Amino acid sequence: MIPTRTQVAIVGAGPAGLLLGQLLHRAGIDAVIIERQSADYVLGRIRAGVLEQVTMDLLDEAGVGQRMHQEGLLHAGFDMLFKGQRHRLDLHALTGGQQVMVYGQTEVTRDLMDARRQAGLLTVYEAQDVSIHDFDGPAPRVSWRQGDQTHELRCDFIAGCDGFHGVCRASVPEGAITQYEKVYPFGWLGMLADTRPVHHELIYVNSPRGFALCSQRSHTRSRYYLQVPLSDRVEQWSDQAFWDELRLRLDPQAAGELQTGASLEKSIAPLRSFVAEPMRFGRLLLAGDAAHIVPPTGAKGLNLAATDVKYLAQAFIEHYQGASSAGIDHYSDRCLRRIWRAERFSWWFTSLMHRFPDNGEIGQKLQEAELDYLFHSQAALHSVAENYVGLPLNFGESAALG
Ligand code: APR
Ligand code: PHB
């Protein structure tokens, strides 16, 4: 039975919506999730898989960290390959002991779905024509269709966790929202394969043939990416063509050790920097990809979604405990500071590692100088490392510099 009223209606069952649902459940707040796709479809989407400590902690707090700790791989560094030489960034040493967790977003989503099912919580999948109403007043509603049945859910708040192409941000009146966007002149062709990863850590590659990334999901499952022109279609890329091109972008040692095999998945994703401001409109609050997109270099997308959700859950909890509405009032500002910092890092790391068709020879020379500086400056390495593992939640709030 689908109820007609809940406290928080969550639109979208990606990691943001599911994590919010889980945190609210643990705080005794009632929520229903309405998702356009099927659960299998949601699980079929392959996305980045590097978790910051803040995200690991939040998954633990949500009670869904168990499998991550068993199966995830802690990485204390990564390699950057440039001009045939690999340079290791020792995250652990550069950040005073921090690491990241390599654990696929699909697995995070699966753990959250399992927890939701076990707790008997409602997710409406395959909801058609989802619309949101009256979020500028005291009694918002979400409606949708399933077959020839129409449903309506009354609520106190709507959490817009419906991704970049969702309905929530699109429902905000044009004059109330400002959107900042940069589209990059290339895409990432990704391939998943059950082969041994070429290296025990990630390798980010800046080669004359374009960017490449050697990532992984486990000791037996690899995830690789190639920078490709936006005009490329995935059908043009046979598995063999992918492996051949990857090998050409690697150093001789990695190329020699690369284990190839049949692909489990191949897809091309465009690269975009995008932020919508503010993230709250009356009783509608946006979180995750619904409000911002980063290019995937540095894998900040899921981590940003997780911190939005942390702040949003805290805000709702404060509200329902009758403490105050300050969390809701400050939600947008609080998130946006962190978001812009991650946007800056993701843009910078993308600019550093890709070949830009329109930057000319001077652009290329400047990029080379920046890489040369990075590999020889402890200060620059510190900066990359602290951003890669994730800046602390209270970054910029202390008086430590004073
Ligand atoms: N109605 C209901 N659900 C919708 C609608 C709609 N109109 N439109 C989209 N959705 C669903 C999508 O099908 C998807 O399952 O909302 C969900 C949004 O999930 P994600 O796109 O995964 O976004 P989010 O949960 O914010 O996760 C952020 O995803 O793209 C990556 O890098 C990003 O890792 C980050 C993470
Ligand atoms: C991934 O494994 O999909 C991945 C890892 C690191 C990135 C981006 C993507 O920076």
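A polar side-chain atom of S215 sits 2.5 Å from an oxygen atom of ligand 2. The model is a predicted one.

Colleague: Why is the pair between S215 and ligand 2 called a polar contact?

Modeller: A polar contact needs a pair of N or O atoms within 3.5 Å. The S215 pair is at 2.5 Å, so it counts as a polar contact.

Colleague: What other residues have such atoms beside an oxygen atom of ligand 2?

Modeller: R217 has a side-chain N or O atom at 2.8 Å, and G298 has a polar backbone atom at 2.9 Å. The protein covers 99% of the 280 Å² of accessible area that ligand 2 has on its own.

Colleague: Which strands each supply at least two residues of the shell around ligand 2?

Modeller: They are β15 (210-216) and β16 (222-228). By class, the shell holds 9 nonpolar, 4 polar and 2 charged residues.

Colleague: Now T95. Where is T95 found?

Modeller: T95 is in the loop between α5 (91-94) and β7 (100-102).

Colleague: How do you know whether T95 is buried or exposed?

Modeller: Buried means under 20% relative accessible area. T95 has 17% relative accessibility, so T95 counts as buried.

Colleague: What does T95 contact, leaving aside its neighbours within four places in sequence?

Modeller: T95 is in contact with A385, E386 and V389.

Conventions. Residues numbered from 1 in each chain as written. Chains lettered and ligands numbered in written order. Predicted model: local features only at pLDDT ≥ 70, side-chain atom pairs only at ≥ 80, totals over all residues. Heavy atoms only, no water. Helix = DSSP H or I, 4+ residues; strand = E, 2+ residues; numbered from the N terminus. Buried < 20%, exposed > 50% of the residue type's maximum accessible area, 1.4 Å probe, protein only. Contact = heavy atoms within 4.5 Å. Polar contact = N/O pair within 3.5 Å; in protein donor to acceptor, adjacent residues only side chain to side chain. Areas by Shrake-Rupley, 256 points an atom, 1.4 Å probe, with all protein chains shown as cover. Nonpolar A, V, L, I, M, F, W, Y, C, P; charged D, E, K, R; others polar.
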